[in-house]
Amino acid sequence: MGKGSQDYGKRENTDRKSPIQDDFPAWARDVKECEEYYGVTREYGLSIAQVEKQREKFGYNELEKHEGTSTFQLILEQFNDTLVRILLVAAIVSFVLAWVDGDEGGEMGITAFVEPLVIFLILIVNAIVGVWQESNAEKALEALKEIQSEHATVIREGKRISNLPAKELVPGDIVELRVGDKVPADMRVLSLVSSTFRVEQGSLTGESEAVSKTVKVVPENSDIQGKKCMVFAGTTVVNGNCICLVTQTGMGTEIGQVHLQIHEASQSEEDTPLKKKLNEFGEVLTMIIGLICALVWLMNLNYFLSWEYVDGWPRNFKFSFEKCTYYFEIAVALAVAAIPEGLPAVITTCLALGTRKMAQKNALVRKLPSVETLGCTTVICSDKTGTLTTNQMSVTELVAMGSKAGTLRSFEVEGTTFNPFNGKINNWPVGRMDANLQMIAKIAAVCNDAGVEQSGSHYVASGMPTEAALKVLVEKMGFPEGLNDGSSSSLKDVLRCCQLWNKLEQRIATLEFDRDRKSMGVIVNSSSGKKSLLVKGAVENLLERSSFIQLLDGSVVELDEYSKDQILRSLREMSTSALRCLGFAYKDDLSEFATYNGDEDHPAHQILLNPARYSSVESRLIFVGLVGLKDPPRPEVRQAIEDCRTAGIRVMVITGDNKNTAEAICHDIGVFGPHEDISSRSLTGKDFMIHPDQKNHLRQSGGLLFSRAEPRHKQEIVRLLKEDGEVVAMTGDGVNDAPALKLADIGIAMGITGTEVAKEASDMVLADDNFSTIVAAVGEGRSIYDNMKAFIRYMISSNIGEVASIFLTAALGIPEGMIPVQLLWVNLVTDGPPATALGFNPPDKDIMKKPPRRSDDSLITPWILFRYLVIGFYVGLATVGVFIIWYTHDTFLGIDLSGDGHSLVPYSQLANWGQCHSWQNFSVSPFTAGSQEFTFDVNPCEYFHSGKIKASTLSLSVLVTIEMFNSLNALSEDSSLLTMPPWVNPWLLLAMSISFGLHFLILYVPFLAQVFGIVPLSLNEWLLVLTVSLPVILIDEVLKFIGRCTSGLRYSNARNFSKRKEE
């Protein structure tokens, strides 16, 4: 296998035939050596025996199909999440307890099984979504196979086989390539049949122009762009035809290496920053839940296990299985309370809403977690061609001759695409084109083989992009005065001016471009009745063969040294700006072709058959002008890069294009300053790979450029940045970008110009191919992350409150206030709408003026944790407190609670309710709840079991109401409700209404009230609920005020700790 592909990384060992070819550097050996090495001649090709031997050794010319992860394994992987595992254990334990409780004569109805069944349902939906997302991961490899050629024209045993399936090619095969063919394998060019042979290989190498191929050897250590005598699988022939020798097939080709890199990158995908934080949170939660559950159980040990001391030793142990099970159920309830069951669903909903917002901004998100990852992007590694530039060659400057020798006129040409209506020519004499400008338009239109078509809302070129740009220029120049297009074309025709010129100047012969004379010429039947030669090509070469210049009025004067120097000076100025320059010239004195009309028997036809004589035909030319072309930067990119700089995001340009062109574009778009010394900031991919300190190079502030970069270089840069803790977004459109897109934290592909391979390897696709869309998406990602933090804080603080409630219940020894199914209802249903609505919080106005958060930033800071522990403690105090108030008070803060007729008990009895059966003369009166009456004549102790239904309802209602008020606290981390009132997010007010509505539903619909073990509340009881719940807002307002006063100190301490950690 060639050395240009040796460094791609370790390869898998398989039992298949080795797809890797010989280490024979065909590009560095002349044609004869190559033929001898493979034992073949271009005239005869391989014999059938040789083909079989090679196939036995190298296998078929196709890309490997890597075995994907089985569906069963994908399902198991969904349970690697810590929160999911906690939920699974809680569901199994709940299910077993419900079953045991039913067998022992307990409530074997829907109530007991609601909790485990709902949790199982959540886990099933989560697994389905996860499996569906991951099963799409390997589609990039399938898309890569679509790039491969299906057929090839091959010479074997002296016979020409036109449609041989490309997969049957073997190293050593002789293949004929023609214009339009897709190259079927990596091959060494043996001979050119046409005078020139060009290949469009930008999708593989990142070059912005088609590359001319040659048979000449190149140095053995050449990079992929430098191998001018090689053609690569998956690229397209745009000009000429040639004979080639197959050197690498299948996985040994350059595209095979890209395939391998995509596969390897897909194996090393990491969790998103948020997923990592949630996993860390889940692990801490597991530990806390375990400790609290054990503590609650131990605190109540004396209720189900007792003993007596005899001679100093415990004896006569008494164990109550029923009581043990009861307190175990309380511990399970506590676990259910601690787990934010609704969190996965709310996160998915928020991310899905984020994808819709981004789609409206032309950013199509393929993987939901990418929405959040965008928010902490610290580095954007961007491809140049097609991303920062339009990938559509465009004329930016036109230089014509002046009114006298030695004078030039320069016109600035606007427009960055192949759309003829995109931009105009500044200071253009519309309708008054002089003879010199008409001649330039004529040559640009007629000495040209390209075309431009409208495809939907876009314009696409066929043929050479530089020639297509010239035709677009002709359309911007318009019709000459006195000429019209008659009825031959309509206003809808894209190239109507070019059609007019081709009608006036009918081409009868072509002098093809070749690399020696660096020009192309056409002989035309001019409208004047004479034969003319129209030529375009490299400016220096045309000047060498020119003897005259045409002035503004059409007069022809001799080309003197001064005029030549002026033209060359203009050429140098344009070249310094990385413009590709083309000159135009013509000749009217064609004595040999005076009577030629395309007839092959004409004596002049022999001249056309011999390219060596083209230079003599193209001599004593009349030079008329020149143009400067480039792949122009997108107009909006400069501002987008400035926005990145403001947002603290570094932009690195990684391109396969040459260094000078890339540097000029980087200066244009603001990656580098106009006069900045970039010697330490601009490296080729090869230079970077041998750099002594790669990581320090990448740590430089400001922009960086890597040119002539191969896929492995891009991967290495992304890998090093990720190792350094950066969150990397990689953009690209070509096959060569796919491995790095897959490896990056977020891969971004171009939707219009991007290959299917790049799209399938990406996490996000830009529908408009616009770099500035990425910046808008980053802002949206930051906003979504802030909102996610808001509802995560809200849900976790609510769960802390539930845990505090159960813990206090166990610590005080009072009856259980809420059953697990009630807690599950709160976590999933009543908490869900407000948490989701917090995802609609408006973004901060300065969101793109803040530096990006680090991927290791805490989701919940120590201060936020303290705040929500305080809030959580109050929630627990309020829910337990209202339970105690109902049992022990008939009024509270002036609110009468005696309306239902319930009996009051002292707190001491409530805290020792388990000893009720031993109390003498204990009795309670019946009480009403809604239309129900509860009596306790048979067993007064039931007052602490079934009789707690009203107190339990009050506790549940306080919990729901406090959490609604707490959602208002979560509108902002530090801002007061006075500065950020509830109506800034009307969706939150609607969500609160829905949650209250759902709570009223289960309270006042008898069947649902029975399922959840609650009863309706009176107006006075609702006043008690509101009175106990409202202080949560006041407490958090005080904490927010303290937070605002100490934010500078806390931020400074956190920054110093982060620095010490890095050191």
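**Entry 1: the disulfide**

I started at Cys916, which is buried, with a relative accessible area of 3%. I kept in mind that this is a predicted model. Next I looked up the partner of Cys916: a disulfide joins this residue to Cys941, with 2.0 Å from S to S.

Where do the two ends sit? I found Cys916 in the loop between helix 33 (907-911) and strand 33 (927-929), while Cys941 is in the loop between strand 34 (932-934) and helix 34 (949-969). The pair therefore ties together parts that are 25 residues apart in sequence.

Is Cys941 buried or exposed? I noted 16% relative accessibility for Cys941, which counts as buried because the cut-off is under 20%. I also checked the handedness: the torsion about the S-S bond of Cys916 and Cys941 is about -95°, so the disulfide is left-handed.

**Entry 2: two cysteines without a disulfide**

I then turned to Cys497, which is in no disulfide. The nearest cysteine sulfur to Cys497 is that of Cys498, 6.9 Å away.

**Entry 3: Arg681**

My next stop was Arg681, in the loop between helix 23 (659-669) and strand 26 (682-684). I found Arg681 buried, with a relative accessible area of 15%. What does its side chain reach? I noted the backbone oxygen of Ser701 at 2.6 Å from the side chain of Arg681. The backbone oxygen of Gly703 lies 3.3 Å from a polar atom of that side chain. Leaving aside neighbours within four places in sequence, I listed contacts of Arg681 that include Phe672, Glu676, His697 and Leu705.

**Entry 4: two asparagines with positive phi**

Last, I looked up Asn427, which has a positive phi of about 60° although it is not a glycine. I located Asn427 in the loop between strand 15 (408-412) and helix 15 (435-446), and saw that it counts as exposed at 74% relative accessibility.

Asn921 has a positive phi of about 55°, and it is not a glycine either. I found Asn921 in the loop between helix 33 and strand 33, the loop where Cys916 lies. Asn921 is exposed, with a relative accessible area of 78%, whereas Cys916 is buried.

Note on methods: Residues are numbered from 1 along each chain as its sequence is written. This is a predicted model: local features need pLDDT of at least 70, side-chain atom pairs count only at pLDDT 80 or more; totals for chains, interfaces and linings use all residues. Side-chain values use heavy atoms; hydrogens and water are left out. Helices (H or I, at least four residues) and strands (E, at least two) are DSSP runs, numbered from the N terminus. Buried means under 20% relative accessible area, exposed over 50%, partly exposed in between (1.4 Å probe, protein chains only). A polar contact is a pair of N or O atoms within 3.5 Å; within protein, one must be able to donate a hydrogen and the other to accept it, and residues adjacent in sequence count only if both atoms are side-chain atoms. Contact means heavy atoms within 4.5 Å. A disulfide is a pair of cysteine sulfur atoms within 2.5 Å.
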